[in-house]
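Hi,

Here is the model I said I would pass on.

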Amino acid sequence: MNWITRVRNSLPFVAKRETPDNLWVKCPSCQEMLFVKEYEENLHVCPNCGHHGRISADQRLALLLDEGYSVLPQPEVTEDPLKFKDSKKYTDRLKQARAKNPHKDAFTVGSGAILDNPAVVGVQDFGFMGGSMGMAVGTAFCAGAQEALDRKCGYVVVTAAGGARMQEGILSLMQMPKATVMTRRLKEAGLPYIVVLTDPTTGGVTASYAMLGDIHLAEPGALIGFAGQRVIQDTIREQLPEGFQRAEYLHKHGMVDRVVHRKDLREELALMLDYMQGEKAA
């Protein structure tokens, strides 16, 4: 606090101004302080370094889908089938996550259109228990694929996950083949399945539906991989190259088709759906 502020605050006839705590946000990449309103208007992308911040499922759906889309109800699944407990009960962790999130789990499906191209969009929210894949996520993914099959339109999935949900054990891993079957059904029906990889997409999600798309897009700088970089280095006992597992590196080596800025993503998806779907579905 400088001396002018101290003097001003000591004067009884001068109204004291209070500054809200949420006016600024620090970019995790370049460490610059950003005005929250400008940051949000820039789609949660840092205007200085281009770092793409994480956004919620609702923000992602509103960004990609035309107005008037509908959100599919979250499928009902058995909760805490293993009665899992570590430092907390699994049921308590779910309650805590739901108190901070408008949806019951980490995968939300919207049905509508992208620039008049019929589409179903599934979004994984890293803000809900790290976007981890459990039975609810796997079932919601399959419900989104079935909606695309019923509507005869493309299925776009935006991934963001730390991997399978450990509290559900083998049942979470069983979602991998289940989701894979639905991607095969989309292929057999001749419907496009497009994956948008966002930061981070790792573990069992990468090992299943995140890498089975007809086209793979990625946001700039997104971390994409199966095992962590430190684990890989300790296993192969070699230093990994700079930028390893980032979207740009994977694009250079053929695992990602295009790296697309968030502001261009909607138009890019619309172009691909228009090309791949031919006649628009009803």
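Leaving aside residues up to four places away in sequence, Y193 touches F141, Y155, V157, T183, L186, Y209, L212, G213, D214 and I215, where contact means heavy atoms within 4.5 Å. Before you read on: this is a predicted model, in which local features need pLDDT of at least 70, side-chain atom pairs count only at pLDDT 80 or more, and totals for chains, interfaces and linings use all residues. Numbering runs from 1 along each chain as its sequence is written, and side-chain values use heavy atoms, with hydrogens and water left out.

Y193 is also one of the residues that touch the most other members of the largest nonpolar core, along with F107, F141, Y155, L186, Y209 and I224; that core has 38 residues. By nonpolar core I mean a set of buried Ala, Val, Leu, Ile, Met, Phe, Trp, Tyr and Cys residues joined through side-chain atoms within 4.5 Å. Buried is under 20% relative accessible area, exposed is over 50%, and partly exposed is in between (1.4 Å probe, protein chains only). At least two residues each come from α4 (90–99), β4, α5, β6, α7, β7 and α10 (247–252), with α5 giving the largest share, seven residues. Helices (H or I, at least four residues) and strands (E, at least two) are DSSP runs numbered from the N terminus. Another core, of 20 residues, lies apart from this one and includes L61, L65, V196 and A270.

**Helix α5**

α5 covers residues 135–151, and its 17 residues should span 24 Å at 1.5 Å a residue; the end C-alpha atoms are 24 Å apart, so the two agree. (The expected span is 1.5 Å times one less than the number of residues.) Its buried residues are M135, A136, V137, G138, A140, F141, C142, G144, A145, A148 and L149. What do they pack against? The partners are β4 (107–114), β5 (117–124), β6 (154–161), α6 (169–173), α7 (175–188) and β7 (193–201).

**β4 and its neighbours**

Eight of the eight residues of β4 are buried. This strand runs antiparallel to β3 (residues 70–71), with two bridges joining them, and S70 stands opposite S111. Strands count as paired if DSSP finds at least two bridges between them. With β5, β4 pairs over eight bridges, again antiparallel, and T108 has V123 as its bridge partner. The β4–β5 hairpin has two residues between the strands, and L115 takes a positive phi near 50 degrees there.

Most residues other than glycine have a negative phi, and most peptide bonds are trans. A few spots to check, then:

- D80, in the loop between β3 and α4, has a positive phi of about 50 degrees and is buried, at 7% relative accessible area.
- M129, in the loop between β5 and α5, has a positive phi near 50 degrees and is partly exposed, at 22%.
- The D199 to P200 peptide bond is cis, with omega near -10 degrees; P200 is in strand β7.

Happy to talk any of this over.

Cheers
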